[in-house]
Amino acid sequence: MSNVKPQTLGTVMNNIYFKSRKTPNELVLRAGQKQYNEINVIVSNADKNKKLPHSNPFLVQAFIKQVVNRHDNIDNMKFTRQGKILFTTKDPLCAVQLLSLTQFMETDISTDVIWENICSRFLIFDIPVNTPLEELAKEIQEKNDMDVIEMRRFLKQNSVKDMSPVLITVLGTTIPDEIKIWFINQKIQHFIDRPRQCTKCYSFAHASRICDRTNVCFLCGEEHVGPCQGPEKCINCKGPHNAKSTS
């Protein structure tokens with residue numbers, strides 16, 4: 001009998017949460033085989049308490065040309081107000097080269113991907129709570145040619161339910177209306193998260209961590225210090241309500 005343990009697909013926590021064991025580089029390369037719009041790579045100072053030095057763009061360009069041989073495929077680069085650099089590319093190999101950087105012009109760095117731009121999420125219902133999430137991930141990947149990044153079971157603590165929905169994140173920005181699980185064509189529900197609003201400029205077009213705009217008041221949409229004295233005005237639609245209003 002072999003003593004070799006089977007390779008696991010990922011990390012599981014209490015059969016509630018599953019995360020793929022593939023590295024970000026592996027997942028980005030796999031994303032190149034799926035449909036997506038662009039890949040955004042965030043470069044940050046390895047010291048979370050410090051920003052990246054705001055260097056001359058021409059010096060940055062010269063550095064990138066030295067360390068990223070697919071630099072011609074970088075579509076855009078910009079410094080964010082959080083002291084990070086955001087690179088945009090459609091080339092997975094270029095993205096992996098950026099992700100592999102450990103230093104940026106003599107500064108130790110960390111890198112990450114904005115996963116929302118290359119992934120989709122959907123819900124499947126009535127999954128037995130005693131079904132191991134790793135087994136479910138394997139079934140989905142093998143029967144549907146999907147790459148599962150993570151899964152989360154929606155189950156309240158101390159629940160006595162036998163079934164629960166599972167939220168699944170896969171590579172690619174398009175997903176079918178149904179998937180095959182255990183000989184059954186299971187309908188899925190596309191998961192549309194509540195729109196994420198920037199907490200600096202209150203736009204819905206980007207996340208706060210990459211916002212390069214000036215802080216504004218969510219009530220009147222203007223820049224000021226102290227309590228707001230102006231009439232409410234939405235910075236997005238210009239309507240007579242504040243930017244956080246749901247009406």
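In this predicted model, the strand β9 provides the largest share of the lining of the largest pocket, namely 4 residues. That pocket has a volume of about 830 Å³, and its lining is made up of 29 residues. The points below take up the pocket and then the nonpolar cores.

**The largest pocket**

- Among the residues that line the largest pocket, Trp115, Glu116, Cys119, Arg121 and Thr169 are the ones that lie nearest its centre.
- At least two residues of the lining come from each of β2 (17-20), α1 (24-31), β7 (107-113), β8 (119-128), β9 (148-153) and β10 (163-171).
- Domain 1 (10-19 + 119-190) and domain 2 (37-116) each contribute at least three residues to the lining of the largest pocket.

**The nonpolar cores**

- The largest nonpolar core holds 29 residues, of which Ile39, Ile64, Phe87, Leu98, Phe104 and Ile118 touch the most other members.
- Several elements each supply at least two residues of this core, including β3 (39-45), α2 (57-67), β4 (74-79) and β5 (85-89), while α3 gives the most, with 5 residues.
- This core lies between domain 1 (10-19 + 119-190) and domain 2 (37-116), because both domains give residues to it.
- When neighbours within four places in sequence are left aside, Ile39 is in contact with Val28, Phe87, Thr88, Thr89, Asp91, Pro92, Ala95, Val113 and Ile118.

Conventions. Residues numbered from 1 in each chain as written. Predicted model: local features only at pLDDT ≥ 70, side-chain atom pairs only at ≥ 80, totals over all residues. Heavy atoms only, no water. 1 Å grid on protein atoms, 1.4 Å probe; cavity = no way out; pocket = protein on both sides within 12 Å on 5 of 7 lines; lining within 4 Å. Points joined across faces, edges and corners; volume = space filled by probe spheres on them. Domains from an automatic or database assignment. Core = buried A, V, L, I, M, F, W, Y, C linked by side-chain atoms within 4.5 Å. Buried < 20%, exposed > 50% of the residue type's maximum accessible area, 1.4 Å probe, protein only. Contact = heavy atoms within 4.5 Å.
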